[in-house]
Amino acid sequence: MAQNDPLGVYLELLQEKYTEFKKRPRRYPDMETLKLVLVLFSTSKRKNSVVPPALIFIGEILTRCQVRDRRHISRGLLLVTNFLKYDEHCKCILPSAVAFLSGVLEQACPEGTLTQTTAIKKPFALTSSLLLQSGLNDTVDSRIKFQLTAKDLLSPELTTSFKMRAIACTVSFVGVLYTQLQHLETVPIYAKHFLHSLQIMHNS
């Protein structure tokens, strides 16, 4: 039956990918199916049947998958990007996306400067500071384009270029998120997830 119904096909694919994910919930799974679901069904009249499971899946990935290097940060930001593209149509909030963006910004703050400002679970260690610049010895190419690349999804190396691009992309995503959700009364609450880290980064 599902073979004759595109919706059923994608629901089966989601279930298959989720079953695989549960076997290794700390590792990022293949994300193409999730991307396709959000792109193909974002404006569909049948989106309520397939998009909610996809968003729940994305939420679990952002919450449970470990973040230890460049690949993990990039894959998380890619998922957030896919959600934001869908959110242009639905204007909904995904707490795990807020938490992930907040976590990325916290990684650019020196150890000991952060407090736990949210009860939302994040897959980052509070003291890891993965994106903290090491200081004056860092050399920055002025030609750097502040976009993530395919290499970022594959390489674990936390280069200065990547740190700058990851932070720039995250700040950009925060701006997009605010624009899309500014009609909600809860926006100031979610803003707290970002302001503390941004203030620390500005003063560092």
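Predicted model: local features only at pLDDT ≥ 70, side-chain atom pairs only at ≥ 80, totals over all residues.
The contact draws on Ile167, Val171, Val174, Leu177, Tyr178 and Leu181 from α6, which meet Val187, Phe194, Leu198 and Met201 from α7.

Two packed helices are described by the angle between their axes and the distance between the axes. Here α6 (residues 160-181) and α7 (residues 187-203) pack at about 155 degrees, and their axes lie 11 Å apart. Angles over 145 degrees count as roughly antiparallel, and α6 and α7 are therefore roughly antiparallel to each other.

With a relative accessibility of 7%, Gln180 counts as buried, because the cut-off for buried is under 20%. Leaving aside residues up to four places away in sequence, Gln180 touches Leu84, Asp87, Glu88 and Lys91.

Burial takes another form in helix α2, which spans residues 32-41 and has Thr33, Leu34, Val37, Leu38 and Phe41 as its buried residues. Looking down the axis of α2, you will find these within an arc of 130 degrees, so they line one face of the helix.

Finally, turn to α5, residues 95-106, whose first and last C-alpha atoms are 16 Å apart, close to the 16 Å expected for its twelve residues at 1.5 Å a residue. Helix α5 is mostly covered, with eleven of the twelve residues buried, including Phe100, Leu101 and Glu106.

Definitions and conventions: Residues numbered from 1 in each chain as written. Heavy atoms only, no water. Buried < 20%, exposed > 50% of the residue type's maximum accessible area, 1.4 Å probe, protein only. Helix = DSSP H or I, 4+ residues; strand = E, 2+ residues; numbered from the N terminus. Arc of directions from axis to C-beta. Expected span 1.5 Å × (residues − 1). Axes fitted to C-alpha atoms, helices over the stretch in contact; angles between N-to-C directions. Parallel < 35°, antiparallel > 145°, perpendicular 65-115°, else oblique. Contact = heavy atoms within 4.5 Å.
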